[in-house]
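Biologist: Please bring up the model, and let us go through it slowly, one piece after another.

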Amino acid sequence: MKPKLVRLSDIPDLFEREKVGDVYSLRTGKSKPIIVKLPLQLDADVAKVCGMMPDGFMGKDLSIISFTQKKDTNKPKEFGRILKKRFGINPRYYYVNGAVTATISSKTLCRFLYHCLDFYKCDEEARVPKWVFGSDTDIAKEYLR
C-alpha cells in the first residue's frame, strides 16, 4: 500500500505558501513560518507524534503544542526532534520534578497539524486521525505504541 501524502493542493487557503528551493514555507498571519517538504509523507514518525498526543496538549487557540513524560524522558526529546526535522521549528525543553516537557509555540505549526493532519485540540475529545485508518500496519503500530 502506498503511504498517504499531504500535497500542496491539500493545504487550506489559510496558509500563505512560498516555494523555497525544494521545500515550502507555510505561514498563517504574522506567525513564524514552518518549512515543509511537499508532498509530506504521513509515515511512522508522523504517526508516532500523533500517537503521543494523549500525553500531550495542543491549545484550543492553536498556538502551542507540548508533550510531557516522566517515565521515559527520551520521549519528549523524540517528539521535539521529529517536529524539528519535519517542520524546522525548535522546541523548548523544560525539566520539572523529574518530568521533561517539549513545547513549541507556533500558530502555523498547530494550525497545520490541526487542519492538515487531523490532530485534536485540548478542548476536543481524543480521536484517531482519519489518515491512520487504512495506513500500513507499521504506521498504525507506531500510532498505537
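Biologist: With which side chain does the side chain of Asp61 make a polar contact?
Modeller: The partner is the side chain of Ser63, at 2.8 Å. A polar contact here is a pair of N or O atoms within 3.5 Å, where, within protein, one must be able to donate a hydrogen and the other to accept it, and residues adjacent in sequence count only if both atoms are side-chain atoms. This is a predicted model, in which local features need pLDDT of at least 70 and side-chain atom pairs count only at pLDDT 80 or more, while totals for chains, interfaces and linings use all residues. Residues are numbered from 1 along each chain as its sequence is written, and side-chain values use heavy atoms, with hydrogens and water left out.

Biologist: And where is the place of Asp61?
Modeller: Asp61 sits in the loop between strand 6 (56–58) and strand 7; helices (H or I, at least four residues) and strands (E, at least two) are DSSP runs, numbered from the N terminus. With a relative accessible area of 49%, Asp61 is partly exposed, a class that lies between buried (under 20%) and exposed (over 50%), using a 1.4 Å probe and protein chains only.

Biologist: How far apart in space are Asp61 and Arg111?
Modeller: From C-alpha to C-alpha they are 9.3 Å apart, although 50 residues separate them in sequence.

Biologist: Let's change topic to helix 1, then: which of its residues are buried?
Modeller: They are Asp45, Val46, Ala47, Lys48, Val49, Cys50 and Met52. That makes seven of the nine residues, so helix 1 is largely enclosed by the rest of the structure. The cover over these buried residues includes strand 5 (40–41), strand 6, strand 7, helix 2, helix 3 and helix 4.

Biologist: I see an Asp in that list; what is Asp45 in contact with?
Modeller: Leaving aside neighbours within four places in sequence, Asp45 is in contact (heavy atoms within 4.5 Å) with Ile82, Lys85 and Arg86. Asp45 counts as buried because its relative accessible area is 15%. The backbone nitrogen of Asp45 also lies 3.2 Å from a side-chain oxygen of Asp43, which caps the N-terminal end of helix 1.

Biologist: Which residues of helix 2 are buried?
Modeller: They are Pro76, Glu78, Phe79, Gly80, Ile82, Leu83, Arg86 and Phe87. Among them, Glu78 has a relative accessible area of 19%, and beyond four places in sequence Glu78 is in contact with Lys48 and Met52.

Biologist: What about the span of helix 2, from its first C-alpha to its last?
Modeller: Its 14 residues reach 20 Å, close to the 20 Å expected at 1.5 Å a residue, where the expected span is 1.5 Å times one less than the number of residues. Just after helix 2, Gly88 takes a positive phi of about 70°.

Biologist: Now the largest nonpolar core: which residues touch the most other members?
Modeller: Of its 40 residues, these are Ile65, Phe87, Phe112 and Leu117. Such a core is a set of buried Ala, Val, Leu, Ile, Met, Phe, Trp, Tyr and Cys residues joined through side-chain atoms within 4.5 Å. The largest share, seven residues, comes from helix 3.

Biologist: Since you mention Phe112, which residues does Phe112 touch?
Modeller: Not counting residues up to four places away in sequence, Phe112 touches Val6, Ile11, Phe15, Leu26, Ile34, Val36, Leu40, Phe87 and Leu117. Phe112 is in helix 3, and Phe112 counts as buried because its relative accessibility is 0%.

Biologist: Last topic, the open sheet: in what order do its three strands come?
Modeller: The order is 2-3-4, with antiparallel pairing, and two strands pair if DSSP finds at least two bridges between them. Strand 2 and strand 4 are the edge strands, as each pairs on one side only. Five bridges join strand 2 (residues 16–20) to strand 3, and the bridge partner of Val20 is Val23, while that of Arg17 is Leu26. Two residues lie between the strands of this hairpin, where Gly21 takes a positive phi near 70°.

Biologist: Which helix lies across strand 3 and strand 4?
Modeller: That is helix 3, which runs at about 45° to strand 4; the axes are lines fitted to C-alpha atoms, for helices over the stretch in contact, and angles run from 0 to 180 degrees between N-to-C directions.
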